Amino acid sequence: MKIGITCYPTYGGSGVVATELGKELAGRGHDVHFISYALPIRLTMNERIFFHEVEVLAYPLFEYPPYDLVLATKMAEVMTRYDLDILHVHYAIPHSISAYLAKKMLTDRVVPFVTTLHGTDITLVGNDRSYLPITRFGIEQSDAVTAVSEYLRRRTIEEFQVQRPVTVVPNFVDCDVYDRATDKGLRRKFANDDEGILIHISNFRPVKRVEDVIAIFAEVRKKQKARLLMVGDGPERPKAEWLANTHGIAKDVLFVGKQNEMNRLLSVSDILLLPSELESFGLVALEAMACEVPVIATQVGGVPEVVRHGVDGFLYGVGDVSSMAEGCLAILNDPQLSSNMGKAAREHARHNFCASKIVVQYEDLYHHTIQQAHTVK
Ligand code: GMT
């Protein structure tokens, strides 16, 4: 197939999933055309992967340059020039609307589009009343819609009252890349041998509750020698740095910024902290699990569909910092529990969320959607 993919190219789960999906599809013999305003961060090019940049003209009249319209134009151009069979957009707003416009612009061909809902497009953006009608419209006009968890599927149907069926296709991980291969030299860069390593990876947005990450670590640090790796960047980073100072643990909290090889960092870590307010899935938890890292997270959204409480880690209520610290100490102080949880987590990831198991679900959906679109033409 010739497949177009549109996503946000920056740091964030939906862009990562879209990029990894494109790479997997190319590896399976499809031609994949990425259409976005910048090269997605994890994208590596090969002869089956193409990138089409959407350039928005700056003009004094445009206080808000119309990205969605330029994107629609580029989508229509790529659909025609490269004879695309299907377009897959990640994140409803504005991508599904641009795809709808692009489809309508074409008079000589039918190119259906699939929208994948990732979470904040529904839970934050879509619920702002001003975005709700247009998000609902984008969902209804899509030729197929997927959600990354059962939680997100249910919430979309309940809150948007959409008629269009929403299929759950969970996120996935490349289990060959994400596997535990501890680089002892790298581990020693961050911690001494008698210190545990906790890791948090995010875009440091309010929803991630980085203040809880610091508070949990501060509790742990009172009873156990440990280091905390803070990976990523975003608006709440200064607050997290300030809190590490006020808790008097700044020298044990290492802010390493945006990184590419998460598998290497996860492989030197003992626990992943994900105390978010909400996660529709929690891709980073899955990546940690594939690297045998137990997860301490909140029991919210789609997280329980990925992390099994007491098996792959522990899940607690939002803001329950002391229980999360207790959970960390239980794992750090019991090597057998830590090893059992790590191994169970990897097995769970391998059996249920490996790329090979999930990508085929997207392929089937594409085939079915293309066939249907041409039948109703
Ligand atoms: O977490 C974010 O703020 C980024 C956001 C995105 O769209 O890039 O992540 C969402 O999509 C990820 C990939 O499907 C999910 O793993 C995250 O759980 C989801 N984030 C939220 O629901 C807050």
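Colleague: Where is the place of F314 in the chain's secondary structure?

Modeller: This is a predicted model. The strand in question runs over residues 313-316. F314 therefore belongs to strand 13.

Colleague: Is F314 buried or exposed?

Modeller: The relative accessible area of F314 is 15%. Buried means under 20%, so F314 counts as buried.

Colleague: With which residues is F314 in contact, leaving aside its neighbours within four places in sequence?

Modeller: A contact needs heavy atoms within 4.5 Å. With the neighbours within four places in sequence set aside, the contacts of F314 are V295, I296, A297, H309, G327, I331, L337 and M341.

Colleague: How many residues line the largest pocket, and how much space lies in it?

Modeller: Among the 39 lining residues, G12, G13, S14, N203 and K208 are the closest to the centre of the largest pocket. The space in this pocket is about 900 Å³.

Colleague: Which element supplies the largest share of the lining of the largest pocket?

Modeller: At least two lining residues each come from helix 1 (13-27), helix 4 (120-125), strand 8 (196-202) and helix 11 (283-290). The largest share is five residues, and the element that supplies it is helix 1.

Colleague: Why does the largest pocket lie between domain 1 and domain 2?

Modeller: By class, its lining has 18 nonpolar, 16 polar and five charged residues. The lining of the largest pocket takes residues from both domains, so the pocket lies between domain 1 (2-172 + 355-376) and domain 2 (187-352).

Colleague: How many charged residues are in the lining of the second largest pocket?

Modeller: About 330 Å³ of space lies in the second largest pocket. Its lining has 13 residues, and those closest to the centre are E20, K23, R42, V177 and Y178. Helix 1 gives the most to this lining, three residues. Divided by class, the lining has four nonpolar residues, three polar and, as charged, six.

Colleague: What kind of aromatic pair do Y8 and Y91 form?

Modeller: The whole structure holds eight aromatic pairs. For Y8 and Y91, the ring centres are 5.3 Å apart and the planes stand at 80°. Planes over 60 degrees apart count as edge-to-face, so the pair of Y8 and Y91 is edge-to-face.

Methods: Residues are numbered from 1 along each chain as its sequence is written. This is a predicted model: local features need pLDDT of at least 70, side-chain atom pairs count only at pLDDT 80 or more; totals for chains, interfaces and linings use all residues. Side-chain values use heavy atoms; hydrogens and water are left out. Helices (H or I, at least four residues) and strands (E, at least two) are DSSP runs, numbered from the N terminus. Buried means under 20% relative accessible area, exposed over 50%, partly exposed in between (1.4 Å probe, protein chains only). On a 1 Å grid over the protein atoms alone, a cavity is a set of points where a 1.4 Å probe fits but cannot get out, and a pocket is an open set with protein on both sides within 12 Å along at least five of seven lines; lining residues have an atom within 4 Å of a point. Grid points are joined across faces, edges and corners, and a volume is the space filled by probe spheres set on the points. Ala, Val, Leu, Ile, Met, Phe, Trp, Tyr, Cys and Pro count as nonpolar, Asp, Glu, Lys and Arg as charged, and the others, Gly among them, as polar. Domain bounds come from an automatic or database domain assignment. Rings of Phe, Tyr and Trp (its six-membered ring) pair if their centres lie within 6.5 Å; planes under 30 degrees apart count as stacked, over 60 as edge-to-face and the rest as tilted.
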